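Here is a friendly walk through a two-chain model, written for someone who likes to know the cut-offs behind each term. Please keep the viewer open as you read.

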Amino acid sequence: MQDAFVRAAERWPRDGIPRNPGAWIVATARNRAIDRIRRDQTLVRKTELLARAAELPDDEETTIPDERLELIFACCHPALGAEAQVALTLSLVGGLTTREIARAFLVPEPTLAQRLVRAKRKIRDAGIPLRVPPEHLMPERLRVVLATIYLVFNAGYGPPVRRDLCGEAIRLAAVLATLMPDEAEAHGLHALLLLQDARRDARVSGDGELVLLADQDRALWDSSDIEQGRRALERALALRMPGPNQLQAAIASLHFEEETDWPQIALLYGRLAELAPSPVVELNRAVAVAMAEGPAAGLELLDRIAGLDDYYLYHSARADLLRRLGQPSSTEYERAFALAPSEVERAFLRRRQNLLAPEP
Amino acid sequence: MQYMLLIYNSGDWQDLSPEQQQEIGGAYFAFTEELQAAGKMVAGDALQPTSTATSVRVRDGETLTTDGPFAETKEVLGGYYLIDVESLDEALAWAAKIPGAAYGTIEVRPVVTDYETVA
């Protein structure tokens with residue numbers, strides 16, 4: 001049994017590219033639904049196919065994997081909304097059913113189905129091209145693809161954790177990196193997801209509570225994920241085109257070391273703040289600087305951040321640093337507590353607040 | 001495919017100073033020439049200001065005519081280009097070149113050319 005995509009890809013060189021690629025995508029989606037087989041097996045075969053294709057001489061017969069890439073770019077076209085991009089990518093590229101996607105995003109199935117129908121119609125009717133974007137559009141378009149895959153991962157990272165989504169995101173990142181071997185950030189994303197996923201069993205305790213990195217049981221880290229992630233990161237760094245995903249992957253990789261290299265992590269966050277400025281990056285940088293140079297230096301950076309007043313982790317970090325400076329502030333913890341998005345985070349903060357009590 | 005590029009600006013042409021009109025007019029002239037030279041232009045025009053607009057709707061067989069545009073908004077439809085290109089990406093690239101894209105908004109809409117396949 002063949003995947004509809006691969007089948008079409010085999011047919012295109014023979015029959016020519018369909019006159020209306022948008023309609024083709026819709027038709028492919030339908031065919032995929034009809035003869036969809038278990039994803040893992042499909043992906044294994046596709047990966048083999050890709051590996052074989054890479055070894056073949058460069059002639060017409062070797063264009064097989066390219067259409068999958070074109071499909072990813074069509075699903076992540078900026079003319080579609082972010083929610084539609086994620087849903088479409090999972091549906092058409094990942095092969096998830098509407099029910100699976102709806103469940104993962106806690107959306108009623110009819111709503112998700114409607115969203116998919118509308119997105120496919122827009123692809124067809126607005127003439128969104130089924131192609132790999134030309135060079136001058138590539139940076140912008142690739143960013144959307146990478147962000148979409150990251151969103152899929154993040155939706156599964158939880159808590160609550162949804163393994164299937166994390167796994168799917170890693171698979172998508174692997175496919176992207178295989179198809180675009182010269183894009184450092186594609187390898188960077190693959191590395192980042194693997195390295196984050198390596199902590200999945202350690203970062204949530206048996207009773208569903210978040211566990212701080214420093215408190216995690218190292219035996220629960222997935223060493224195979226770490227090894228694969230580091231290999232992907234090496235592939236990315238060899239291309240010498242730094243980017244936000246690679247920096248974050250490098251930071252994640254450093255966190256697996258026996259002795260955490262905080263000065264190096266603070267440096268990487270500084271670089272990340274230059275490449276992809278955001279208050280949350282500044283927050284992480286401030287925390288790393290506090291670890292490297294002491295709480296006073298961290299607090300100074302923290303107090304310069306604007307726009308995180310409603311973010312619970314900002315207040316919890318501030319409370320931590322004040323405590324370490326010997327000026328415990330229960331109002332900061334209360335603020336963090338009030339802003340925490342769910343009971344899991346509140347339980348985490350409660351445990352942190354207990355640390356406010358003087359050490360015995 | 002054909003796409004309609006609808007040019008929305010904040011305010012009418014008449015609100016601009018003569019210098020601004022000269023500069024923007026020149027930019028539109030250059031854009032139109034480029035579009036024509038590429039063989040992509042089907043049609044294109046500027047519209048008279050919204051003060052000249054009249055809206056018509058028929059309800060229960062009765063024609064209601066009102067002074068003014070369809071919606072009183074800050075951004076007004078100032079003109080359009082109808083282009084014939086390969087894909088949405090190409091339409092978006094042309095839209096980004098319209099002088100008004102730098103200060104207003106260009107809405108890009110595919111045109112129905114085959115009425116069997118209306119969305």
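## Ground rules and overview

Helices (H or I, at least four residues) and strands (E, at least two) are DSSP runs, numbered from the N terminus. By that reading, chain B has two helices and six strands, while chain A has 18 helices and zero strands. Along its sequence, chain B runs in the pattern β-α-β-β-β-β-α-β.

The model is predicted, so local features need pLDDT of at least 70 and side-chain atom pairs count only at pLDDT 80 or more, whereas totals for chains, interfaces and linings use all residues. Residues are numbered from 1 along each chain as its sequence is written, and chains are lettered from A and ligands numbered from 1 in the order in which they are written.

## Burial and contacts chain by chain

A residue is called buried if 20 or more other C-beta atoms lie within 10 Å of its own, exposed if 12 or fewer, and partly exposed in between, with C-beta atoms placed from the backbone. On this scale, 40% of the 360 residues of chain A count as buried. For chain B, 15% of its 119 residues count as buried.

Two residues are in contact if their C-beta atoms, placed from the backbone, lie within 7 Å. Among contacts in chain A with a separation of 6 or more, 60% involve residues 24 or more positions apart. In chain B, 75% of the contacts between residues at least 6 apart in sequence join residues at least 24 apart. The C-alpha atoms of chain B fill a box of roughly 45 × 45 × 20 Å along the principal axes.

## A helix pair in chain A

Let's look at helix α11 (residues 223-238) and helix α12 (residues 244-254) of chain A, which pack at an angle of about 140 degrees with their axes 10 Å apart. Here axes are lines fitted to C-alpha atoms, for helices over the stretch in contact, and angles run from 0 to 180 degrees between N-to-C directions. Angles under 35 degrees count as roughly parallel, over 145 as roughly antiparallel, 65 to 115 as roughly perpendicular and the rest as oblique; α11(A) and α12(A) are therefore oblique to each other.

G229(A), R230(A), L233(A), A236(A) and L237(A) of α11(A) meet Q246(A), A249(A), A250(A) and S253(A) of α12(A). The residues of this contact between α11(A) and α12(A) divide into five nonpolar, three polar and one charged. In that count, Ala, Val, Leu, Ile, Met, Phe, Trp, Tyr, Cys and Pro are nonpolar, Asp, Glu, Lys and Arg are charged, and the others, Gly among them, are polar.

## E332(A) in helix α17

E332(A) sits in helix α17 (residues 330-339) of chain A. It counts as buried because it has 21 C-beta neighbours inside 10 Å. Leaving aside neighbours within four places in sequence, E332(A) is in contact with H315(A), R318(A), A319(A) and L322(A).

## The sheet of chain B

Two strands pair if DSSP finds at least two bridges between them. Four strands of chain B form an open sheet in the order β2-β5-β1-β6, with antiparallel pairing. β2 (41-46) and β6 (105-110) of chain B stand at the edges, each with a single partner strand, so one side of each is left without a neighbour in the sheet. The twist averages 20 degrees from one strand to the next.

Strand β1 (residues 2-10) of chain B pairs with β6(B) in the antiparallel sense over six bridges, and L5(B) has V108(B) in β6(B) as its bridge partner. Helix α2 (residues 88-97) of chain B packs on the sheet, touching β1, β5 (75-84) and β6 of chain B, and its direction makes about 155 degrees with that of β6(B).

## A hairpin in the open

Strand β3 (residues 54-59) of chain B has zero buried residues out of six, so it lies largely in the open. β3(B) pairs with strand β4 (residues 62-67) of chain B in the antiparallel sense over six bridges, and R59(B) stands opposite E62(B) in β4(B). β3(B) and β4(B) form a hairpin with two residues between them, and D60(B) in the turn has a positive phi of about 50 degrees.

## Where the chains meet

How many residues does each chain bring to the contact? Chain B gives six residues and chain A gives eight residues. The side of chain B that touches chain A divides into four nonpolar, one polar and one charged.

D89(B) lies in helix α2 of chain B and is partly exposed, with 19 other C-beta atoms within 10 Å. Not counting residues up to four places away in sequence, D89(B) touches P129(A) and L137(A).
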